[in-house]
Amino acid sequence: MNKKTVKYALLASLPVMAGYIVLGIGFGILLYDKGYSFWWAILMSVVIYAGSMQYVGVGLLSGGASLISTAIMTLMVNARHLFYGISMVEKYRDTGTAKPYLIYALTDETYSLVCDPQLPDGVDRKKYYILVSLMDQSYWVFGSFLGGFLGSALKFNSQGIDFAMTALFVVIFVEQWEKASHHIPAVLGLALSLICLLIFGPDRFLIPAMLCIPAGLFLLKGKIVEEKNCEGGTKE
Amino acid sequence: MIDTSRALLLIAVMSAVTMLLRFLPFVLFSKSTPKPILYLGEVLPYSIMAMLVVYCLRNTSVLETPHGLPEAVSVAVVILLHKWKHSTLLSILGGTLCYMLFVQVIL
């Protein structure tokens, strides 16, 4: 494994490390408060490995939800993962034996690091995918273990620290904006998400937004391709 | 607290549905990727990142005080820092500290 790839993956994953350890600790504490030891936190972080779903899961466990409502809730909260798969199908095609792991570990944050990386020369793309996925998950599992292990002994005033995740996505949005030869997809995603949020409210906007966005992208396909060709330089 | 086997069962359901969603596109398009999906794969990342930002900020209330001011200012800090230095870590650190300052100290 070349050093440059390891170093690059580690640097790229640093912001996720900060966010995941803190959010993982929060999850571990929450679960501990409901009477589940750190083993449960580790178990969930390994077999589910989806941040926001695990927070919802704490509520489902403590409320004793039914199997059906748990399945439907998971479907709603995690439906956006379908998108990640669709946009990684080609990029992950040649990843060989690591492929099942890469797909299993494709969380929001990992997706944001693998979806469009402009890797410098000498960095191995496949190894970068694998390393970033492994590193991200180890931060998450470690964080949730720590939260569950230390329990409520670990209460510092962390209010607002979850903004780190928002900030990470904003940064990636800015980077994509600067590199992109077409801005219609970004604007469309933003506008349709906001419109759906206004109409359907915070708990229900994601599914309608996920239906509108691809529809909008297909409707505007001609314009998007045209905009791309006009500006001339794509990196593909 | 519900009993252990029931808790394990609920966790298994959450895991199964999550993995179904993650694996489905790869299973469907394992042989070759149809053209529309290729197109989506190329343009979706840009739309999704915008959707994720909105998703993170979905519970911001614009109508009640502080009218989304902490979020708006902190997002602006992230963007400006990033435009200025292009250092991911600095932008995230700056924006998050700004946000924490807002919600813990100022408001």
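1. How many Å separate the centres of domain 1 of chain A and domain 2 of chain A, taken over C-alpha atoms? The separation is 26 Å, with domain 1 covering 3-161 and domain 2 covering 180-236 of chain A, bounds that come from an automatic or database domain assignment.

2. This is a predicted model, in which local features need pLDDT of at least 70 and side-chain atom pairs count only at pLDDT 80 or more, while totals for chains, interfaces and linings use all residues. Residues are numbered from 1 along each chain as its sequence is written, chains are lettered from A in the order in which they are written, and side-chain values use heavy atoms, without hydrogens and water.

3. Domain 1 of chain A and domain 2 of chain A bury about 530 Å² between them, 83% of it on carbon and sulfur atoms; buried area is the accessible area (1.4 Å probe) that two parts lose on being put together, summed over both. Of the area that domain 1 of chain A buries against domain 2 of chain A, 68% is supplied by A:Met76, A:Arg80 and A:Phe83, more than any other three residues.

4. Across this interface the rule finds zero salt bridges, a salt bridge being a side-chain nitrogen of Lys or Arg within 4 Å of a carboxyl oxygen of Asp or Glu.

5. Over all chains the count comes to zero disulfides, defined as pairs of cysteine sulfur atoms within 2.5 Å. A:Cys196 is in no disulfide, and the nearest cysteine sulfur, that of A:Cys212, is 4.0 Å away. A:Cys196 counts as buried at 4% relative accessibility, where buried means under 20% relative accessible area, exposed over 50% and partly exposed in between (1.4 Å probe, protein chains only).
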